[in-house]
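These are my notebook entries on a single model.

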Amino acid sequence: MLSQSREAPAIIEAKGLTRTFGGRRSRVEAVRGVDLKVHAGEIVGFLGPNGAGKTTTLKMLCTLLEPTGGSARVCGCELRRDPVGVRRAIGYVSQAGSTANEARAGEEIISHARLYGIDRVTATARARKLLQDLDLPDVWERTCGSLSGGQRRRLDIVMGLIHQPKARVSGRALHRIGPSKPCQFVDSYPKIARRDGYDNISYHPLHG
Ligand SMILES: Nc1ncnc2c1ncn2[C@@H]1O[C@H](COP(=O)(O)OP(=O)(O)O)[C@@H](O)[C@H]1O
Ligand SMILES: [Mg+2]
């Protein structure tokens, strides 16, 4: 773990976070008591072999899966008591993608922003800026299905940032960005994050 700032408040604090699946016969202990403290501005490597429980942990921290044990606070919100607060505070960029093939990119972002109660004018201004940041200036009228894999992935990232979350959570941060882009994005992510004031939480498998 590379620590950048221990003074800052913890954006993730997990104690004994646990998740088991299945019943008595087919019980899988996917996550067995994870203790984790991540401060704002800190760079954390969350690594493990295939099946170690990374995705399950991230899903719990994003409120997509209920823990079967332990507790966690994300951006100051208690995971079990205030899951809606956690959802408001984070921007989740799923590794599976979150856009519909037939939807036009601009409208897809605006619809997503409206779900967070953001008005159309504000959402449009933010979306145009983020699309510029992510090197997607001309996709507004394009259907999501017509974008390349890397472009679509970057569109997912715009969707995850449109409500200006405190923390951006991303599975496989650079997955499908494209061979020429990862270095560029490793540079530009922290810059956008500093400007818009959020923290990046991401994990990436080192296998395969
Ligand atoms: N919905 C599920 N039902 C049963 N077992 C699951 C489920 N999701 C994950 N697991 C199991 O939990 C373990 C951890 O999986 P996962 O969190 O996806 O690992 P990682 O992301 O580190 O590769 C694996 O053994 C996996 O098969
Ligand atoms: Mg995984």
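**Entry 1. Helix pair**

I began with helix H3 (residues 105-115) and helix H4 (residues 120-133) of this predicted model. I found that their axes come within 9 Å and cross at roughly 130°. Angles over 145 degrees would count as roughly antiparallel and those from 65 to 115 as roughly perpendicular; H3 and H4 are therefore oblique to each other. I noted the hand of the crossing as well: H3 passes H4 in a right-handed sense.

I then listed the residues that make this contact. H3 contributes Gly106, Ile109, Ile110, Ala113 and Arg114, while H4 contributes Arg120, Ala123, Thr124 and Ala127. Sorted by class, the residues of the contact are five nonpolar, two polar and two charged.

**Entry 2. Sheet order**

I next asked in what order the strands of the sheet stand. Four strands form an open sheet, and I read the order as E2-E1-E3-E4, with antiparallel pairing. E2 and strand E4 (77-78) are at the edges and have a single partner strand each, so one side of each is left without a neighbour in the sheet.

**Entry 3. Strand pairs**

I went through the pairs in turn.

- Strand E1 (residues 10-21) pairs with E2 in the antiparallel sense over eight bridges. Within this pair, I found alanine 14 opposite leucine 36 of E2, and arginine 19 has valine 31 of E2 as its bridge partner.
- E1 and E2 form a hairpin, with six residues between the two strands. In that turn I noted glycine 22, which has a positive phi of about 80°.
- E1 is also joined to strand E3 (residues 69-74), by five bridges, and the two run antiparallel. Here lysine 15 has serine 71 of E3 as its bridge partner.
- E3 and E4 pair over two bridges, again in the antiparallel sense. I recorded arginine 73 opposite glutamate 78 of E4.

**Entry 4. Helix on the sheet**

H1 lies across E1, E2 and E3, and it runs at about 120° to E1.

**Entry 5. Ligand shell**

Which residues are around ligand 1? I listed Phe21, Gly22, Val28, Ala30, Gly48, Asn50, Gly51, Ala52, Gly53, Lys54, Thr55 and Thr56. Gly22 in this list is the glycine of the hairpin turn between E1 and E2.

I then assigned the shell to elements. Strand E2 (28-39) and helix H1 (54-61) are the elements that give two or more residues to the shell. H1 gives the most, with three residues. By class, I recorded four nonpolar, seven polar and one charged residues around ligand 1.

Methods: Residues numbered from 1 in each chain as written. Chains lettered and ligands numbered in written order. Predicted model: local features only at pLDDT ≥ 70, side-chain atom pairs only at ≥ 80, totals over all residues. Axes fitted to C-alpha atoms, helices over the stretch in contact; angles between N-to-C directions. Parallel < 35°, antiparallel > 145°, perpendicular 65-115°, else oblique. Left-handed = near helix turned anticlockwise from the far one by under 90°. Contact = placed C-beta atoms within 7 Å. Nonpolar A, V, L, I, M, F, W, Y, C, P; charged D, E, K, R; others polar. Near = placed C-beta within 6 Å. Pairing = 2+ DSSP bridges.
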